[in-house]
Amino acid sequence: MTPRDDSGSPEPRRSRWSDLDRPPLNAAALRRALVREGGLWRELDVVQRTGSTNSDLVARAAEGGRGLGEGVVLVAEEQSAARGRLDRKWVAPARSGLFFSVSLRPGDAGVPMERWGWLPLLTGVAVATGLARAGGVDTALKWPNDVLVTVRGEERKAGGILAEAAGDGGVVVGVGVNVSLRAEELPVPTAGSLGLAGAVSTDRDPLLRAVLRGLEDWYGRWRAAGGDAGACGLQEAYAAGCATLGRVVRAELPGDRALVGEAVAVDGDGRLVLATEAGVQEPVGAGDIVHLRAAG
């Protein structure tokens with residue numbers, strides 16, 4: 001039967017081209033541009049809809065037999081159960097952003113596990129530089145995993161990064177970025193998108209290519225340096241683009257503990273270092289960071 005609306009008229013059939021401002025990604029072109037002999041990316045798939053690309057790759061890593069090797073990219077046009085840090089939900093209309101996950105195996109290259117905490121920060125640098133290059137939009141990074149844009153003079157969150165252990169020695173890193181989200185579609189007032197921030201392009205194909213090429217470049221440098229973020233230039237690059245440094249922040253820590261101080265550095269292990277009123281510097285390795293005000 002043909003679906004009908006409340007008036008009895010036939011409902012318009014929803015197709016992959018139903019929103020002409022949001023064309024679908026070209027999976028074949030993306031594979032031609034990114035999957036190459038000797039490169040990091042060896043497999044790239046685009047699905048129309050899934051619950052969570054991170055969950056899909058983590059589940060694949062747990063499978064017997066095929067499992068999950070390094071360099072798999074899974075992109076979704078829409079996610080119904082996307083997750084951020086602390087199990088927060090990520091909601092966005094179909095084809096309105098970049099929603100993808102990648103599989104990495106830094107241990108296979110001898111990177112010590114204690115340095116894997118750099119992966120979300122490394123991904124943030126790749127995302128920020130890729131969006132700036134292909135989208136012409138200024139972005140900043142909020143430690144440890146948020147991508148910020150400026151909308152009408154206000155700092156807004158336009159993206160997030162989530163890294164999860166996957167199988168034996170693997171890590172899945174997921175990225176979600178609002179690209180063409182309109183003001184009336186924002187899930188919360190503090191959210192933003194590249195379009196609302198004045199991006200010169202919201203074409204998702206070149207945006208995704210730029211981000212994945214940047215991720216391949218930075219991951220290769222970091223891996224070759226044995227995970228030493230200082231030696232490969234990652235620590236300096238992250239600090240240069242981090243909006244948290246130089247700010248007075250509140251770190252909401254596990255165990256209902258909070259710490260207030262000026263964010264003065266990101267140390268060699270990727271931890272945020274806070275200078276407190278007590279005159280001590282405390283590194284924060286995990287927690288929710290709230291920007292309170294500019295330092296001084």
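This is a predicted model: local features need pLDDT of at least 70, side-chain atom pairs count only at pLDDT 80 or more; totals for chains, interfaces and linings use all residues.
**Briefing: Tyr-238 and selected local features**

Tyr-238 is placed in helix 5, which spans residues 234-241.

**Surroundings of Tyr-238**

- Leaving aside residues up to four places away in sequence, Tyr-238 is in contact with Trp-118, Leu-121, Val-125, Leu-141, Lys-142, Trp-143, Pro-144 and Val-266.
- One of these partners, Val-266, lies 28 residues from Tyr-238 along the chain, and the two C-alpha atoms are 8.4 Å apart.
- Val-266 belongs to strand 11, which covers residues 257-266.

**The cis peptide bond**

- Trp-143 and Pro-144, both of which touch Tyr-238, are joined by a cis peptide bond with omega at about 0°.
- Pro-144 is located in the loop that runs between strand 6 (140-142) and strand 7 (146-151).

**Packing of helix 1 and helix 4**

- Helix 1 (residues 27-34) packs with helix 4 (residues 204-224) at an angle of about 30°, and their axes are 11 Å apart.
- Because angles under 35 degrees count as roughly parallel, the two helices are described as roughly parallel to each other.
- The crossing of helix 1 past helix 4 is right-handed.
- On the helix 1 side, the contact is made by Leu-30, Ala-33 and Leu-34; on the helix 4 side, the residues are Asp-205, Leu-208, Arg-209, Leu-212 and Arg-213.
- Sorted by class, this contact comprises five nonpolar and three charged residues, with no polar ones.

**Non-glycine residues with positive phi**

- Arg-152 has a positive phi, near 50°, although this residue is not a glycine.
- The position of Arg-152 is in the loop between strand 7 and strand 8 (154-166).
- Arg-152 has 69% relative accessibility, which is over 50%, so this residue counts as exposed.
- Asp-256, likewise not a glycine, shows a positive phi of about 55°.
- Asp-256 sits in the loop between strand 10 (247-253) and strand 11 (257-266).
- Since its relative accessibility is 81%, Asp-256 also counts as exposed.

**Cysteines**

- The structure contains zero disulfides.
- Cys-232 has 12% relative accessibility and is therefore classed as buried.
- Cys-242 is also buried, because its relative accessible area is 8%.

Conventions. Residues are numbered from 1 along each chain as its sequence is written. Side-chain values use heavy atoms; hydrogens and water are left out. A disulfide is a pair of cysteine sulfur atoms within 2.5 Å. Buried means under 20% relative accessible area, exposed over 50%, partly exposed in between (1.4 Å probe, protein chains only). Axes are lines fitted to C-alpha atoms, for helices over the stretch in contact, and angles run from 0 to 180 degrees between N-to-C directions. Helices (H or I, at least four residues) and strands (E, at least two) are DSSP runs, numbered from the N terminus. Angles under 35 degrees count as roughly parallel, over 145 as roughly antiparallel, 65 to 115 as roughly perpendicular and the rest as oblique. A crossing is left-handed if the near helix is turned anticlockwise from the far one by less than a right angle, and right-handed if clockwise. Contact means heavy atoms within 4.5 Å. Ala, Val, Leu, Ile, Met, Phe, Trp, Tyr, Cys and Pro count as nonpolar, Asp, Glu, Lys and Arg as charged, and the others, Gly among them, as polar.
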